[in-house]
Amino acid sequence: MEPADLKSPSPDEASFEAWYRAHAARPPVPNQGFTVRVLAALPPPRKHASSQRGRFCLAGALLGGAIAWAGGLLEALGRPGIELEQAGAWSPAASPGLGLALGLVVVSLLYVHRDLLRRRIRVSFF
Amino acid sequence: MVSDDHAAFGELVNRHQSSVRHFLRHLTSGDHALADDLAQETFVQAYRGLTRFRGASAFVTWLLGIAHNQWRNHRRRPAASAVEATDLDRLDPVPAGSHLSDLKQDLSAALQQLDAEERTVLHLHYQEGLSQSEIATVLDWPLGTVKTTLTRSREKLRPLLASWNPQT
């Protein structure tokens, strides 16, 4: 159990806190090349097999997606008496297989670039 | 050429360098060169361990915790201890040559009446704006210790600065 006086400062304490906070404040430290110095000291970025695997996965995902899309389009065009727009060949919902393939493309891309995305999100968030 | 990784991390350094360097300047009693060396090492360690940051605390709290560890590790080194024993007594916590008002001088003198841990808690609370639980995370102390240290520090400071604060 905490003593009550630690939970809520008395008016005197609050006044002292406000006064101290106002007068003890110091201006921000100017950067003056510190960031450049830190970046020079960082270990080199990792460029190895994982980035090559990433590119391979990306190319495969795009190729697979394109083939699936083209397959859906050709199938729709091959149906006699059905216009392209009626067949809805441009919509992934037209074929469950096509939708699945496109979903896999998106998931693959997110997986391949997860580290980069995580860092970007952190930088913008923090 | 700066890589994407480094460029993104550079943004984080820009954003938080002032807090980290202020804190380390405080811990090193105003030794700017040593503080910047430790700050650099802090950011390098943060870069290496970035994937371990889970967002349980604010990013700056995590960084200040690393900075505090760097400072503790530095103090454990025998060479550093020898230097501190001889040099730190001579170091003015306020940069030499700056034109301070009487108030700033009195404030600085009053802070010297506190012990190092009390000054550190005050610095983190009032200058870095950390909450008591964040200070506990940075210093790796129990929350109750932070609370009592903060209260004790205020009680010591108040009479020393009474002439400057019309409310007391």
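Two residues are in contact if their C-beta atoms, placed from the backbone, lie within 7 Å. Keep that in mind for the views below, which come from a predicted model.

**View 1. Helices α6 and α8 of chain B meet each other.** Let us start with a pair of helices: α6 covers residues 116-127 of chain B, and α8 covers residues 143-160 of chain B. On the α6(B) side, look for B:Glu117, B:Glu118, B:Val121, B:Leu122 and B:His125. Their partners in α8(B) are B:Val146, B:Thr149, B:Leu150, B:Arg152 and B:Ser153. Sorted by class, the residues of this contact are 4 nonpolar, 3 polar and 3 charged.

**View 2. The axes of α6(B) and α8(B) cross.** Here is that pair again, this time with an eye on the geometry. The two axes come within 9 Å and cross at roughly 95 degrees. Angles of 65 to 115 degrees count as roughly perpendicular, so that is how α6(B) and α8(B) lie to each other.

**View 3. Chain B as a whole is built from helices.** Stepping back, you can find 8 helices and 0 strands in chain B. Following the sequence gives the pattern α-α-α-α-α-α-α-α. Chain B has 168 residues, and 35% of them count as buried. Among contacts in chain B with a separation of 6 or more, 64% join residues 24 or more positions apart.

**View 4. The largest nonpolar core has 31 residues.** Which residues have the most contacts inside this core? They are B:Leu24, B:Leu63 and B:Ala67. From chain A, α3 (34-41) gives two or more residues to the core, and so do α1, α2, α3 (59-76), α6, α7 (132-139) and α8 of chain B. Domain 1 (1-91) and domain 2 (95-168) of chain B each provide at least three of the core's residues. In soluble globular proteins, nonpolar side chains tend to be buried together.

**View 5. B:Leu24 and its contacts.** Zoom in on one of the core residues with the most contacts, B:Leu24. Setting aside neighbours within four places in sequence, B:Leu24 is in contact with B:Ala35, B:Leu38, B:Ala39, B:Ala67 and B:Trp71. B:Ala67 is another of the core residues with the most contacts.

**View 6. Chain B touches chain A.** On the chain B side, α1 (4-27), α2 (32-48), α5 (102-112), α6 and α8 each supply at least two residues. The largest share, 15 residues, comes from α1(B). By class, this side of chain B has 12 nonpolar, 13 polar and 9 charged residues.

Methods: Residues are numbered from 1 along each chain as its sequence is written. Chains are lettered from A and ligands numbered from 1 in the order in which they are written. This is a predicted model: local features need pLDDT of at least 70, side-chain atom pairs count only at pLDDT 80 or more; totals for chains, interfaces and linings use all residues. Axes are lines fitted to C-alpha atoms, for helices over the stretch in contact, and angles run from 0 to 180 degrees between N-to-C directions. Helices (H or I, at least four residues) and strands (E, at least two) are DSSP runs, numbered from the N terminus. Angles under 35 degrees count as roughly parallel, over 145 as roughly antiparallel, 65 to 115 as roughly perpendicular and the rest as oblique. Ala, Val, Leu, Ile, Met, Phe, Trp, Tyr, Cys and Pro count as nonpolar, Asp, Glu, Lys and Arg as charged, and the others, Gly among them, as polar. A residue is buried if 20 or more other C-beta atoms lie within 10 Å of its own, exposed if 12 or fewer, and partly exposed in between; C-beta atoms are placed from the backbone. A nonpolar core is a set of buried Ala, Val, Leu, Ile, Met, Phe, Trp, Tyr and Cys residues joined through C-beta atoms within 7 Å. Domain bounds come from an automatic or database domain assignment.
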